[in-house]
Amino acid sequence: AFCVLEPAAMGEEIVGTSGGNTIIILCNKEELAGLQKRWCCLIGALVSLSFITLLTTFIFSMSGFHRNSTPAAPIAISTIEDSTIVPADMPGAPRMLSRDSWVAQPPTEPMDNNTLPSRRVIVCHTATEPCETTPQCTLKVRLIQQFHIEARKWGDIGYNFLIGGDGVVYVGRGWDEMGAHTKGENNGTLGVAFIGTYTKQLPNVWQIETFHKLVDIGVRIGKISQDYKLQAQCQLQATAAPGLMLAQNMTSWPHYDTSLPLRCSDGGAVS
């Protein structure tokens, strides 16, 4: 059946033919306009739905690609130089953000001096979500300091240094002040924390590379002993830190202390 609109009077019966049969349809301008409007709405809805489907598919495809790809190299940004941490012209030094750069709170009490050079480097993790960009990591470090001061009642952030997923070293207490990272083991040691939780995954390649640069520079400027020992925090006390997967990976790192077993509370004792 079809509708034909003649210039004749509105509402007049129109005769059409279909397959040899005569069909009479009552048609006027208002009905035709309504029919056209409905068809336009239907076509518009179908086009919109198709576009949304294609866009959603594209977004999920890109998301999967980024999850499975190697993390991009961190973008260099300017930092506030702190010559008391690393000489400005020291080659091979990692990128470092001073306390002023990440807007640290001042200590709430005088800090004890560390015994130098440090004879042991103790690896921890922050047991938080990881961070991937410098703004994210900066905020994370500030929150960690706030937690250590307000909840733990420590005078400052507990770690000497922290390493973010952006491949940047965040200065905590630094080389010269004793940390508060491993009870009974803080004097004469350096506590370095990887930002994140590493019980079932490793820090990214930039974090691990930055850690080795930090230790190397510490040895070169005399802040770390040349015959230092590298220890996981769970070798010294029953704790999950620095995470079983990271602790196991450390066994192949230079200067790893093989005299103590791993006692990571998230995975039991490991030789």
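Q: Which residues of α2 are buried?

A: The term "buried" denotes under 20% relative accessible area (exposed is over 50%, partly exposed in between; 1.4 Å probe, protein chains only). In α2, T134, C137, T138, V141, I144, Q145, H148 and I149 are buried. They span an arc of only 130° around the axis (taken from the directions from the helix axis to the C-beta atoms), which places them on the same side of α2. An α-helix has 3.6 residues a turn, so residues three or four places apart point the same way.

Q: On what basis are these values given?

A: The model is predicted: local features need pLDDT of at least 70 and side-chain atom pairs pLDDT 80 or more, whereas totals for chains, interfaces and linings use all residues. Residues are numbered from 1 along each chain as its sequence is written, and side-chain values use heavy atoms, without hydrogens and water.

Q: Against which strands do the buried residues of α2 pack?

A: Helices (H or I, at least four residues) and strands (E, at least two) are DSSP runs, numbered from the N terminus; contact means heavy atoms within 4.5 Å. The buried residues of α2 pack against β3, β5 and β6. Helix α2 (residues 134-150) lies across these strands, β5 being 161-163 and β6 169-171, and runs at about 35° to β6. Angles run from 0 to 180 degrees between N-to-C directions of lines fitted to C-alpha atoms, for helices over the stretch in contact. Helix α3 also packs on the sheet, where it touches β3, β4, β5, β6, β7 and β8, and its direction makes about 145° with that of β8.

Q: What is the strand order of the sheet?

A: Two strands pair if DSSP finds at least two bridges between them. The six strands form an open sheet with mixed pairing, in the order β3-β6-β5-β7-β4-β8. Strands β3 (96-97) and β8 (224-232) are at the edges with a single partner strand each, so one side of each has no neighbour in the sheet. Strand β4 (residues 118-125) pairs with β8 in the parallel sense over five bridges, and I122 stands opposite Q231 in β8.

Q: How many aromatic pairs are there?

A: Rings of Phe, Tyr and Trp (its six-membered ring) pair if their centres lie within 6.5 Å; planes under 30 degrees apart are stacked, over 60 edge-to-face, the rest tilted. The count by this rule is three aromatic pairs. The ring centres of F194 and F211 are 5.7 Å apart and the planes stand at 35°, so this pair is tilted. F194 belongs to strand β7 (residues 189-194) and F211 to helix α3 (residues 205-220), so the pair ties together parts 17 residues apart in sequence. F194 is buried at a relative accessible area of 0%, and F211 is buried at 2%. With W253, F194 and F211 form one aromatic cluster.
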